[in-house]
Amino acid sequence: MDFDEADNELLTQYCVTERWTGDLSNGLFMLGEKAAQAHGLPLRPCGLLNLIRCYEPLDRTRVLELFEQAAASSSSFCFSTTIHVDGAPRQPVFCVGESTGLEEKYAGSIIGVFIFPRFQIDLAGRRFRRQ
């Protein structure tokens with residue numbers, strides 16, 4: 001499947017995207033500034049549990065299992081959930097990633113992208129707020 005420039009423009013109209021990486025030798029994830037802010041994290045290098053603690057409680061176990069599988073063997077994965085940060089509307093998030101290098105002599109890495117739709121969920125009014 002190929003995307004052209006018009007597809008990329010359409011994506012940026014509706015979503016904010018940002019890359020992230022994970023180093024399996026030390027368990028640290030490096031997020032971009034926007035992703036760290038959306039996850040309510042003051043520091044961009046963070047551990048997996050710090051990253052997923054703001055996710056929908058019913059999704060945390062599933063997301064943790066996906067990362068554990070990716071850390072065990074080179075694979076691709078994706079998930080979607082909602083971010084809950086105190087004092088802010090809920091932010092939907094999609095994540096696509098892959099792990100590589102696990103068959104080599106080092107622990108490997110995980111790379112991916114977060115996709116944040118340009119709206120948030122206002123639970124008080126049960127509405128979507130466009131950003």
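Me: Is phenylalanine 29 buried or exposed, and what is its relative accessibility?

Reply: Buried means under 20% relative accessible area, exposed over 50%, and partly exposed in between, computed with a 1.4 Å probe on protein chains only. Phenylalanine 29 counts as buried because its relative accessibility is 4%. This is a predicted model, in which local features need pLDDT of at least 70 and side-chain atom pairs count only at pLDDT 80 or more, while totals for chains, interfaces and linings use all residues. Residues are numbered from 1 along each chain as its sequence is written, and side-chain values use heavy atoms, with hydrogens and water left out.

Me: How many strands form the sheet, and in what order?

Reply: Strands of a sheet pair through backbone hydrogen bonds, either parallel or antiparallel. Helices (H or I, at least four residues) and strands (E, at least two) are DSSP runs numbered from the N terminus, and two strands pair if DSSP finds at least two bridges between them. Here 6 strands form an open sheet with antiparallel pairing, in the order E3-E2-E1-E6-E5-E4. E3 and E4 stand at the edges with a single partner strand each, so one side of each has no neighbour in the sheet. From one strand to the next, the twist averages 25 degrees.

Me: How many bridges join E1 to E6, and which residue is the bridge partner of arginine 19?

Reply: E1 and E6 run antiparallel and are joined by 9 bridges, and arginine 19 has valine 113 in E6 as its bridge partner. E1 is joined to E2 by 4 bridges, again antiparallel, with glycine 22 bridged to phenylalanine 29 in E2. The hairpin of these two strands has 4 residues between them, and glycine 27 there takes a positive phi near 75 degrees. Between E5 and E6, also antiparallel, there are 7 bridges.

Me: Which aromatic residues form one cluster, and how many aromatic pairs are there?

Reply: Rings of Phe, Tyr and Trp (its six-membered ring) pair if their centres lie within 6.5 Å; planes under 30 degrees apart count as stacked, over 60 as edge-to-face and the rest as tilted. The count by this rule is 9 aromatic pairs. One of them joins tryptophan 20 and phenylalanine 29, a tilted pair at 5.8 Å centre to centre with 45 degrees between the planes. Tryptophan 20 and phenylalanine 114 have ring centres 5.8 Å apart and planes at 35 degrees, so this pair is tilted too. That pair links distant parts of the chain, since tryptophan 20 is in strand E1 (residues 15-23) and phenylalanine 114 in strand E6 (residues 109-117), 94 residues apart. The cluster consists of Trp20, Phe29, Tyr55, Phe67, Phe77, Phe79, Phe114 and Phe116.

Me: Which residues have the most contacts inside the largest nonpolar core?

Reply: In soluble globular proteins, nonpolar side chains tend to be buried together. A nonpolar core is a set of buried Ala, Val, Leu, Ile, Met, Phe, Trp, Tyr and Cys residues joined through side-chain atoms within 4.5 Å. The largest one has 26 residues, and Trp20, Leu31, Tyr55, Phe67, Phe77 and Phe114 have the most contacts inside it. H4 gives the most to this core, with 4 residues.

Me: Where does histidine 39 lie, and is it buried or exposed?

Reply: Histidine 39 lies in the loop between H2 and strand E3 (45-47), and at 1% relative accessibility it counts as buried. Contact means heavy atoms within 4.5 Å. Leaving aside neighbours within four places in sequence, the contacts of histidine 39 include Leu31, Tyr55, Phe114 and Phe116.

Technical notes
Axes fitted to C-alpha atoms, helices over the stretch in contact; angles between N-to-C directions.
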